[in-house]
Amino acid sequence: MYYNECMESAKQQTVLLGVTGSIAAYKACELVRLYQRSGFKVKVIMTQRAQELVGAATFRGLTRQPVALDLFDDPRNPINHISLAQEADALVIAPCTANVLNKIANGVADDLLTTTALANEAPLLLAPAMNVAMLKNSITQKSLKALASAGVTIVGPESGYLACGTEDSGRMSSPEDICLATVGMLLRAKSLSGKRILITAGPTREHLDPVRYLSSPSSGKTGFALAQEAVARGADVVLISGPTHLTCPLGVEYVPVTSAEEMLQKASKHFDGVDIAIFSAAVSDFRPAEQHKHKLKKRTTPAPIQENQNSLSFFKSQEQDRIERKQPSLSEIKLVENPDILATLAARRREFQSGKPYIVGFAAETENVLANAQAKLISKDADLIIANDVSDPLIGFASESNRAIFVESLGHESTELMSKQMLAGVILDRIATTLSIKNLT
Ligand code: C5P
C-alpha cells in the first residue's frame with residue numbers, strides 16, 4: 001500500500017541530485033532518466049570537479065531545468081542553497097566522492113552542494129564512489145558510520161571494476177539500485193506519518209531516601225533512537241523517559257519522569273488515542289515500601305545530641321537515634337512490587353473498540369531468551385516482543401549495539417548485530433509494514 005502511495009506521490013516530488021567529481025558522474029545521467037520515468041521532477045547540483053567530467057548542458061537538457069553550479073550563480077536568488085534545500089523531497093548525491101562524504105559527515109559547507117546538504121531537512125541518500133584505499137581509510141569508515149547513525153541512507157558502494165584499474169570495492173551502485181533505494185527511502189520517510197506513538201525509555205529510579213535509589217544500568221539509547229527514527233518517518237512522538245544523559249531528539253514531545261509510578265501515570269495520560277505504544281523502559285520491578293524524607297544513617301555513625309552538646313553524652317546511642325528517626329534497620333527495609341506499565345495499559349486496551357494501540361514490549365533476558373519472550377508476549381498481551389540477551393557484553397544494557405529476536409504470535413525472527421539506531425529503524429519498518437498489512441485486511 002505504502003509503495004503504491006509513494007509511487008503515486010512521486011509525481012509531485014522533487015529529487016535534488018548532487019553530482020560530484022567521480023568518474024561515475026556519467027552514470028548520473030541514466031539516474032536522472034530513471035527518476036523521471038518513476039515520476040519525479042529532478043533538479044541537479046554539480047560540484048566544480050563534476051563539471052570537468054560531465055557538462056552541465058547535459059543535465060540541463062535532460063532535466064529541462066537550470067543546473068545549480070555555484071553558491072552565488074543565480075542573481076535573482078542570492079540564497080540558492082536554502083531555496084534548493086526547501087524544494088527537495090529527497091536529496092541524493094550520486095556519485096558521492098570521499099571528499100564530499102567526509103565533508104558532509106563533519107558539517108563542512110564550503111560550496112553549493114555541501115551547503116545545500118547542511119541546510120537540507122529532506123531524507124538524504126548518498127551513493128559513494130571511490131578508490132578502495134579511500135573507502136577503507138578509517139576516516140571514511142568513521143564518516144560512513146556517523147552518517148548511517150544520523151539516519152542518512154547509504155547505498156553501496158559495491159565491488160567491481162574501478163576507474164583506477166583494479167577490481168575491488170568502491171564502485172557506485174547501479175542507477176537502478178539507487179533509484180529503487182530512493183523510492184524506499186521516501187516510502188520510509190512517510191511510513192508512520194499521521195501516527196501518534198508513545199515510547200517509554202530509560203531506567204526508573206526508586207528512591208529509598210533523597211540520596212539512594214534502586215535502578216538499572218539502562219542508558220535509554222534504544223528508546224531515544226526509536227523516538228528519533230519515528231519522527232524521521234513522520235510520526236508524532238511522545239517520549240516518556242526515566243533519568244538519562246541523552247538529549248531528546250528534535251520534534252519529540254519529551255516527558256521526563258523518575259519513578260515507575262510516575263512513568264505509569266504519564267504513560268496512562270497519553271495512552272488513549274495513540275496508534276502505537278512501545279515500552280522500551282527498563283522499569284524497576286520493585287521499590288522501597290517507604291521513601292524516607294531524610295538521608296538514612298548507617299549504623300556505625302554516631303549522631304550528635306543537639307540540646308546537650310557539652311555533656312558527656314554528646315553522642316546518642318545508635319539504637320536511640322534510629323528509633324527517634326523512625327529509621328528502619330537494614331534488615332527491615334521492605335520492597336514492594338511496582339506496577340507493570342505495559343501489562344496495565346495493555347489490559348486497558350481490551351476496553352477500546354478500536355483495538356488500538358499496537359503494543360510493543362522488550363525482554364532483556366540473561367537465559368532462555370526466546371522462551372521467556374514468548375511467555376511475556378502472552379502474559380503482557382503485547383503484539384510484538386523485542387528480546388535480547390543482556391548477558392552478552394556486546395549487546396548489553398549500556399552498549400552501542402544490539403541483536404534482537406522479534407517475537408510475535410505467529411513466530412519469531414532474529415536480526416543481525418547492528419547499532420541501536422539501525423535496530424530502531426528496523427523495528428519501526430517492521431511495525432509500519434505490520435500496520436499497513438492490518439489496514440489492508
Ligand atoms: O517483565 P519484564 O520487566 O521483563 O518486561 C519487560 C517489558 O515490560 C519491557 O517492555 C518493559 O518496558 C515493560 N515493563 C513495564 N513495567 C514494568 C516492568 C516492565 O512496562 N514494571
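Three aromatic pairs occur in this predicted model. Rings of Phe, Tyr and Trp (its six-membered ring) pair if their centres lie within 6.5 Å; planes under 30 degrees apart count as stacked, over 60 as edge-to-face and the rest as tilted. One of the pairs joins Phe224 and Tyr254: the ring centres are 6.0 Å apart and the planes stand at 70 degrees, so this pair is edge-to-face. Phe224 belongs to helix H11 (residues 221-232) and Tyr254 to strand E12 (residues 253-256), so the pair ties together parts 30 residues apart in sequence. Helices (H or I, at least four residues) and strands (E, at least two) are DSSP runs, numbered from the N terminus.

This is a predicted model, where local features need pLDDT of at least 70, side-chain atom pairs count only at pLDDT 80 or more, and totals for chains, interfaces and linings use all residues. Residues are numbered from 1 along each chain as its sequence is written, and side-chain values use heavy atoms, with hydrogens and water left out.

Next, the ligand. Residues around the ligand include Phe279, Asp285, Pro339 and Lys380; a residue is near a molecule if one of its heavy atoms lies within 4 Å of it. The shell divides into seven nonpolar, one polar and four charged residues. Here Ala, Val, Leu, Ile, Met, Phe, Trp, Tyr, Cys and Pro count as nonpolar, Asp, Glu, Lys and Arg as charged, and the others, Gly among them, as polar.

| Residue | Protein atom | Distance |
|---|---|---|
| Ala281 | polar backbone atom | 2.6 Å |
| Leu342 | polar backbone atom | 2.9 Å |
| Lys376 | N or O atom in the side chain | 2.4 Å |

The protein covers 86% of the 440 Å² of accessible area that the ligand has on its own. Such areas come from the Shrake-Rupley method with a 1.4 Å probe. Helix H14 (341-349), strand E16 (358-365) and helix H15 (369-380) are the elements that give two or more residues to the shell around the ligand.

Most residues other than glycine have a negative phi, and most peptide bonds are trans. The bond from Ala94 to Pro95 is cis, with omega near -5 degrees. Pro95 lies in strand E3 (residues 90-96). Lys356 and Pro357 are also joined by a cis peptide bond, with omega about -5 degrees. Pro357 is placed in the loop between H14 and E16. Asn368 is not a glycine, yet its phi is positive, about 40 degrees. Asn368 sits in the loop between E16 and H15.

Key:
Polar contact = N/O pair within 3.5 Å; in protein donor to acceptor, adjacent residues only side chain to side chain.
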